[in-house]
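Biologist: Could we go through this structure together? I would like to understand its strands.

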Amino acid sequence: MRLAVLGPVRAWRRDEEIDLGSPQQRGLLALLLLHEGRPVATEAIVEALWGEHGPPGARGTVRTYVYRLRPILGGTAVIESTGSGYCLTVRDGDFDLRSFRELVARAHRARRAGAAASAADLLRQALGTWQGPALSGVRGPFFELERDRLEELRLAALEEVFDLELEVGGQSDLTSEIRAAVGEHPLRERLHEQLMLSLFRAGRRAEALAAFQRTRRLLREELGVDPGPVLRSLHSRILREAEDVPAPAGRDLSSPLAPAPVPAQLPADLAVFTGRRAEIAELSSALRGAAHPPVVGITGLGGTGKTALAVHVAHSLRHVFPDGQLFAHLGGFEDPVGPSEVLGRFLRAVGVTRLPASLDERAALWRTTVSGRRLLIVLDAASSGEQVRPLLPAAPGCAVIMTGSRRIVDLPGIPWLRLGVLRPEDALRLLAAISGTRRVFAEEEAAGRLVGACSYQPLSVHVAAARLDARPSWTIDQILAQLEDDLRRPVVMHEDCKIVDRPFREAQARMDSFHRDAFHLAAVPDCGRLDAAMAAAVLDLPVNEATAVMEALVDAHLVDIDGNGDYHFLGLVKAFARRQALNGLGHERCQQALHRLLRHCLTVEHTVGEEDLRAVLDQIVELPDALAEMVSLSLP
């Protein structure tokens, strides 16, 4: 069987083309092929085929498409169900994208070995696998982005083969081929550079200079900019008729065996990293051995250890990426760093000394420079697709770990790991690793209560451990009592408690005033959980609007949701939000919310248990007569 996405999405059995069904069904096949054996969640499939808001019954439609595709593909390409979606494995067949990547990888190995002519021939074979624009016949934002990404791979290979053939002498019609590529992609300066170089080396100096003038006029008219420094430098050299005209794209092709720098930019791994075994295994598996550059994301509330986990996994995989590791802190939402600045750092780290001025040129040079290398890139505190997309490699061999306070929705196809708090036993081990096992396990029960009061959040456990170290004569119960007073009923907020609160303050700073007030008000009741109807009573909103608000808080990692659809606050988050409610919304508004919740719980059956009901009742300072009568009828 032959399967193709580099052109129309098609399949053949022997020489007979197979009918793959509707465009959406072809889209599902293309989506699974693009993931090359990695599982794809059903939610991600629905989003790719129909956008963020799929039609009713979309999951069932996906199952139908899978049911229809399985007999069409037979045993050569097998679609298997996973826990949350599907994966496709091409067991015994030809997949054009896989062939393209394998040929490109072989070409890069040949080039590094100094065999430029062989490398050029392999790249020509790779380009021959394309039969038109990638993913033709399937539609949607996901496929548009994938189409652009695959086209970038093709253009990178095309530009590289032009480089090689200019170096070794190339084909007789190379100039006309480069000119045709310039016509199709008039804003790619590297192609204009190659055209000028080709003309000059063919003895057509005047035409090379005229090509520069056309390029300068085009860039000014279309973008309002002048040609970049590489093009201007080449133009100056041609004017002087220099014999040693520089190679394209800032590469020194005269010394292909010169070793490239091996950056090692990872921050130090934590000396006391504990837990996260399942998360480490999941991330490590996703980053190993893919035929495309894998990108994985880690998201969660500040203080849960996203950066620590990313750095720990990166250190554990250093041997898999022998060409180096790069790290960049992207500033988050508060102070985002522009991609052009980050690309400048990365390019210098891998040995590029002449940096283009524009972002597009830097991104293209970055993708070209790292093509064929095995680099691991950690992008910490990413905030948008616009910021991240230029930093992503296009060719296989590299991998990216990204962290962010929210999932970046305009980077489709990237799996995100939502990082929660530690397991209780791991939080206890972390406390012991910092403060010493003898002291912690001598008061193990109290230490368990202490990490519980920290909501098992790594940052808070570190703060508690610092207090233990600062007060060696205190018992753990004394530390616990002081910490609870400081976090829940502070007279003066100590500096370490401000550290614990900082992630919550940063998360609420990204909200508008409506959602911020709702966050504070929803934390007022002493209930262990809120369902949507209870939240609606507290917030004084219709149920559907209250649900939307609570889901926004879930997306911000300030609230968790369980399998029953009930919402839960971490203890530390609730304590912070309740303080904000009392200080900002005021005592009266908080009491009104409790009255509404109590009335709801007394009039709706099976809403809340007696323990939670009594807890809410204890919070109410003055009970109206009507509510008092309802309470007397409901509680023994």
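Biologist: How many bridges join S8 to strand S11?
Modeller: This is a predicted model. In it, S8 and strand S11 (residues 399-404) are joined by five bridges, and the two strands run parallel. Within that pairing, Gly297 has Met402 of S11 as its bridge partner.

Biologist: And how many bridges pair S8 with strand S12?
Modeller: Three bridges link S8 with strand S12 (residues 416-418), in the parallel sense. Here Gly297 stands opposite Trp416.

Biologist: Are the residues of S8 buried or exposed?
Modeller: Strand S8 covers residues 295-299, and five of its five residues are buried.

Biologist: Which residues lie on each side of S8?
Modeller: Val295, Gly297 and Thr299 are on one side, with Val296 and Ile298 on the other, and both faces are covered. In a regular strand, side chains alternate between the two faces of the sheet.

Biologist: Changing topic: what is the strand order in the open sheet of three strands?
Modeller: The order is S4-S6-S5, and the pairing is antiparallel. Strands S4 (40-41) and S5 (77-81) each have a single partner strand, so one side of each has no neighbour in the sheet.

Biologist: How many bridges are there between S5 and strand S6?
Modeller: There are five bridges between S5 and S6, the latter being residues 85-90. One of the residue pairs is Ile79 with Leu88 of S6.

Biologist: Which residues does the "DNA-binding region" annotation cover?
Modeller: The unreviewed UniProt entry assigns that annotation to residues 1-99. In the model, this span is 42% helix and 24% strand, and its end C-alpha atoms lie 14 Å apart.

Methods:
Residues numbered from 1 in each chain as written. Predicted model: local features only at pLDDT ≥ 70, side-chain atom pairs only at ≥ 80, totals over all residues. Heavy atoms only, no water. Pairing = 2+ DSSP bridges. Helix = DSSP H or I, 4+ residues; strand = E, 2+ residues; numbered from the N terminus. UniProt positions renumbered as here; feature names shortened; annotations may be inferred. Buried < 20%, exposed > 50% of the residue type's maximum accessible area, 1.4 Å probe, protein only.
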